[in-house]
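Subject: A structure for you to explore

Hi there,

Here is the structure I promised to pass on to you. Have a look at it first, and then read on for my notes.

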Amino acid sequence: MLSRRQSAPDATPVVLRNGSVTIEGRPVLRGIDLTVTSGEFIALMGANGSGKSTLVRALTGLRPLASGELELFATPIDHFHDWRRVGYVPQRSTATSGVPASVWEVVASGRLTRRGVLRPLTRADRRVIDEAISLVGLEAKARAGVSTLSGGQHQRALIARALAGEPDLLFLDEPTAGVDLPNQLALADTLRTLKERGSTVVLVAHELGPMESLVDRAVVLRDGRVVHDGPRLTDAQVHDPDLGHAHHHPSPPARDHVPHVLAPFDDTSQRQEDEH
Ligand SMILES: Nc1ncnc2c1ncn2[C@@H]1O[C@H](COP(=O)(O)OP(=O)(O)OP(=O)(O)O)[C@@H](O)[C@H]1O
């Protein structure tokens, strides 16, 4: 292993205690407790705007916590430099969200995690990125914005990104949104391979589709709070307005991750979001 490895190989990938995020003065995540143990495949679920992407950004250090403590591989986030162990596939750009990244940038984001903090990509890094793009046959699209790709091409870009980084902990933000079934199956195969290699995966998803069998645990957000942390749920259960009300201890007792206490559910701000 490279000498830069500083976090213990078998350390717990994620421990977030009482994490909160505020954006433009508005609380977007509130009192989140989340532990991700090594080798787990977690589905992060919830309606549009419930805070899933923000939580992933917070867990990858891209969005600062307003309060709370975050450790990655048993290292406080402020002291964590082993970013090559962490992969992040951002949500696919849509017409309504921000500036679209290019294919090269998306694949490079899988390699960025292998560089040192603030260290630019080396020529060798760039070669690995180019090779990953060519492996999935997207050379001609390398400089194109990902929003110009078909669903299948986008999915191939995601695979290339995973190949470029080989992270121990991989965050995927809605990789199957707008992707047809054959490509969803291909992506599920790729993720199964990563899982078999011992990677830890946190997958943001509205619907699990072919990835359902990979999921060890579901975490459901609503209005920036965790309302379920435990076994997989059906789509209807995820959107059940009563989820989180009936169970004050949603973590199954047998689980080995740190149990968390639900923050009181904020009835007055509860939104009935109707997504699809
Ligand atoms: N950069 C930002 N500026 C302003 N508000 C933001 C920003 N990022 C997120 N928010 C707000 O925070 C809340 C949570 O957003 P987030 O994208 O984390 O939710 P999500 O569960 O990932 O939703 P989706 O399924 O639509 O991606 C939303 O109300 C969103 O408008």
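This is a predicted model: local features need pLDDT of at least 70, side-chain atom pairs count only at pLDDT 80 or more; totals for chains, interfaces and linings use all residues.

Residues are numbered from 1 along each chain as its sequence is written.

**The whole chain**

The protein chain has 6 helices and 10 strands; these are DSSP runs numbered from the N terminus, where helices are H or I with at least four residues and strands are E with at least two. Of its 276 residues, 42% count as buried. Two residues are in contact if their C-beta atoms, placed from the backbone, lie within 7 Å. Among contacts with a separation of 6 or more, 68% are between residues 24 or more positions apart.

**A sheet of four strands**

Strands of a sheet pair through backbone hydrogen bonds, either parallel or antiparallel. Here, two strands count as paired if DSSP finds at least two bridges between them. An open sheet is built from 4 strands in the order β2-β1-β4-β5, with antiparallel pairing. Its edge strands are β2 (26-36) and β5, each of which pairs on one side only.

Strand β1 (residues 14-23) is joined to β4 (residues 67-72) by 5 bridges, and Arg17 stands opposite Glu69 in β4. Between β4 and β5 (residues 75-76) there are 2 bridges: Leu72 is partnered with Thr75, and Glu71 with Pro76. These two strands form a hairpin with 2 residues between them, and Phe73 in the turn has a positive phi of about 50°.

**Two residues to look up**

Asn18 has 15 other C-beta atoms within 10 Å, so it is partly exposed. Glu174 also has a positive phi of about 50° without being a glycine, and it lies in the loop between β7 (169-173) and α5 (181-196). Is Glu174 buried or exposed? Glu174 counts as buried because it has 21 C-beta neighbours inside 10 Å.

**Around the ligand**

A residue is near a molecule if its C-beta atom, placed from the backbone, lies within 6 Å of it. The residues that surround the ligand include Ile23, Glu24, Asn48, Lys52 and Gln91. Helix α1 (residues 52-59) gives the largest share of this shell, 3 residues. For classes, Ala, Val, Leu, Ile, Met, Phe, Trp, Tyr, Cys and Pro count as nonpolar, Asp, Glu, Lys and Arg as charged, and the others, Gly among them, as polar. By these classes, the shell has 2 nonpolar, 8 polar and 2 charged residues.

The axes of α3 (residues 123-135) and α4 (residues 151-165) come within 8 Å and cross at roughly 140°; axes are lines fitted to C-alpha atoms, for helices over the stretch in contact, and angles run from 0 to 180 degrees between N-to-C directions. Val128, Ile129, Ala132, Ile133 and Leu135 of α3 meet Ala160, Leu163 and Ala164 of α4. This contact has 8 nonpolar, no polar and no charged residues.

Enjoy exploring!

How values were computed. A residue is buried if 20 or more other C-beta atoms lie within 10 Å of its own, exposed if 12 or fewer, and partly exposed in between; C-beta atoms are placed from the backbone.
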